[in-house]
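The following note collects points for a colleague's reading of the model. Please consult it alongside the sequence and coordinates.

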Amino acid sequence: MLCTRLTNARILTMDPDHPVARDLGIWRGRIVGLDDAVTALPAREVVDLQGATVLPGFIDSHVHLAWAGLKARTPSIAPCTRIDDILAVVDRAARSPAPPGAWLDLAGYDQRALGRHLAAAELDRVSHGRRILLMHDSGHACVVNSAVLEMLPDGVEHRAGFLAESAMTAARRLRLPYGQEELADAIEHAARECLTEGITACVEAGIGGGLLGHSPVELGAYQLLRDRGRLPLRVQLMASGDTLRTRAAHPDDGFTQAMDLGVRTGFGDDWLSLGALKIYTDGGMMARTAALTSPYEGTDGGTGQFQDDPERLSRLIVDGHLSGWQLAVHAIGDRAADLALDALEQAQKLRPRPDARHRIEHAGLIRPDQLPRLAALGVSAVVQPAFLRHFGDDYATVMGERRSGWMYRGRGFLDHGVTLVGSSDRPVVDGSPLRAVQFMVERASLTGRTIGGDEAIGVEEALRAYTVAGAHASHRDSVAGTLSPGKLADLVVLGDDPHRVDPGRIGDIEIVTTYVDGRDTRQAAGG
C-alpha cells in the first residue's frame, strides 16, 4: 500500500524518460512510480491536486542559513539612506539595557545610498559604551566603532572603521562563538522560510570559519536540529577552507592538509551531510572588493582584492583537491576566477579526479576566454540571478558597457557545456527560486533595465538550474533533482506552470505547498 498518491496534477518530472505525469506514488519518503504504475494501487492518502503543477523540490545551492536567521532577529538600519537617520537607529539600539562593553550588532548596512562609508568616530557619538558592529549586506565588510578598533590585532587594516574581507573576519572573531542553541534556532527559522518558497534542500556555504562562520563547532547546531527532529529540509554543509590543518598522514594518501579524522565531502546522510570545502578568493561587487582585471568604473582605479596571498590561496585549492574534497571556490571577479581556474588545473594534473564536480561560487564576472576553461575542467557555475535583479543597475554601471554582459551569465555557460546552478546567497537577497527563474528568462532588474540580455535562457533551462543541476552540483543526483522512481519524494506544488505564464509573472506563481520526504510541510508545521 502506498503512503500517499498525488493525483490530478501536471507533474513536470524533469526526467526525459517520463517528462510529464498525472499521478505520483509515495512510499516511506520515496517515489515508487508514476501514472499507470501507481494509479490502481491502494493508498492511505489520496491527494487531489486539482490540476496544480508539481516540480521537483527546488535546491538552493548556496545559502547562509545561520546568518539569515540571526539577521532576521538583529536590529537593522535599513532602509535608512541618510547618515543622521542611521545614527539615530544606532543610538536607540545602543540605549537598550546591556552590560558595559556589550556588543551591539546591526544589519542592513550598505554604503551605496550614502555615497561614502560611515566612520568609527560617527558611531562613537551614539555608542553609549557598547561595541558596535554594522554588518554590510554583502557579508564582505562591516563598520565598527573605536571600542572595537582598539581590540583588533596589530596589522589589521581599516579605513576609519570600515573593515573589508579578512579585516572584517578579524573583528567578528573578537566576539565568537555563538552558542549552538542560538544557532539552531536561527537555522530552523531560515530553513522554514525556505520551505515557503518551494525549497526542499539547500547547501550551507561555509561553516566553522572563513568570513561567515559563527562557531568553531558550528556543525553541532545542525546536528542538534537533526537529533531533535527540527531540521525542516535537507542541508548539505560546506566546511570553510581554514578548517583544514596540516596532518602527517601516510604518504600514499597523497595529502598534507585535512580536517580532523580525515572527514571530507560525502560524510552524512540524506538529511544532513558534508559537501564541498569552501575557499574564498576575493570579495564582492557590492562592497567593491571582487577582484577584477580592470578597475571598477567611476572609482579611483580600484580593482578589488584577494582574501589572502594568491600563492597561499592556490595552495589551499590544490591541497583541498588532493585530500579528496569537492571544492567550492568563491570567485566573483574575473581576476579571482583566473586564480581559481589556474589552481584547479594544477590540482587535476597532480591527481586527476574527473568526477570531482568542483564549483565556482558566484562566477560573477566571467570573460569570454574563461568559458572554455570552465567547461574543460568540468566545473559548475553556481550563480545568484537575484543579485542582478536587485543590484543590476549598480553593477552594470561599475562594470561598464563592455563587461556588463559578462555578469552572472546564463546562455554563455550553457552554450559552452558548463553546468549552470541556481542559488540565492540568502540573506544577501531574497531567496525565491521562482523570482530568480524569472530573471534568468527576462534578464531585467527591478527597474526594468535589461542586464546582459544575450545571457537570457529558457524557462526549462532555468528550472533545471534549481533542480537537476543543483542535485548534480551537490553529488545528490542519484536521489534528487527529478521526480523519478526510487528518488526522494521532495517536491513543490505550484499554482501555475512557469512554462505557461507570461515570463513577467513567473515570480508571482503561488507556492501551494512543499513536500519533503513525502510529507506535506504545511501539515507538519501545523502539527
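**Notes on the predicted model**

1. His 62 belongs to strand S8, residues 58–63; strands (E, at least two residues) and helices (H or I, at least four) are DSSP runs numbered from the N terminus. This is a predicted model, in which local features need pLDDT of at least 70 and side-chain atom pairs count only at pLDDT 80 or more, while totals for chains, interfaces and linings use all residues. Residues are numbered from 1 along each chain as its sequence is written, and side-chain values use heavy atoms, with hydrogens and water left out.

2. His 62 has a relative accessible area of 0% and is therefore buried (under 20% relative accessible area; exposed is over 50%, partly exposed in between; 1.4 Å probe, protein chains only). Not counting residues up to four places away in sequence, contacts (heavy atoms within 4.5 Å) of His 62 include Val 203, Lys 278, Glu 361, His 362 and Asp 425.

3. Pro 42 sits in the loop between strand S5 (30–34) and strand S6 (43–48). Its relative accessibility is 47%, so Pro 42 counts as partly exposed. Beyond residues up to four places away in sequence, Pro 42 touches Met 1 and Leu 2. The C-alpha atoms of Pro 42 and Met 1 are 5.3 Å apart, although 41 residues separate the two along the chain.

4. Helix H9 (residues 334–350) has 17 residues, which at 1.5 Å a residue should span 24 Å; its end C-alpha atoms are 24 Å apart, in agreement. The expected span is 1.5 Å times one less than the number of residues. Among the buried residues of H9 are Asp 334, Leu 339, Leu 344 and Gln 348. The buried residues of H9 pack against helix H8 (310–322), strand S18 (327–331), strand S19 (359–362) and helix H10 (371–377).

5. The largest nonpolar core holds 123 residues, of which Met 407 and Phe 413 touch the most other members. Such a core is a set of buried Ala, Val, Leu, Ile, Met, Phe, Trp, Tyr and Cys residues joined through side-chain atoms within 4.5 Å. Leaving aside neighbours within four places in sequence, Met 407 contacts residues including Met 285, Leu 388, Tyr 395 and Ile 451. Another core, of 22 residues, lies apart from the largest one and includes Val 89 and Ala 287.
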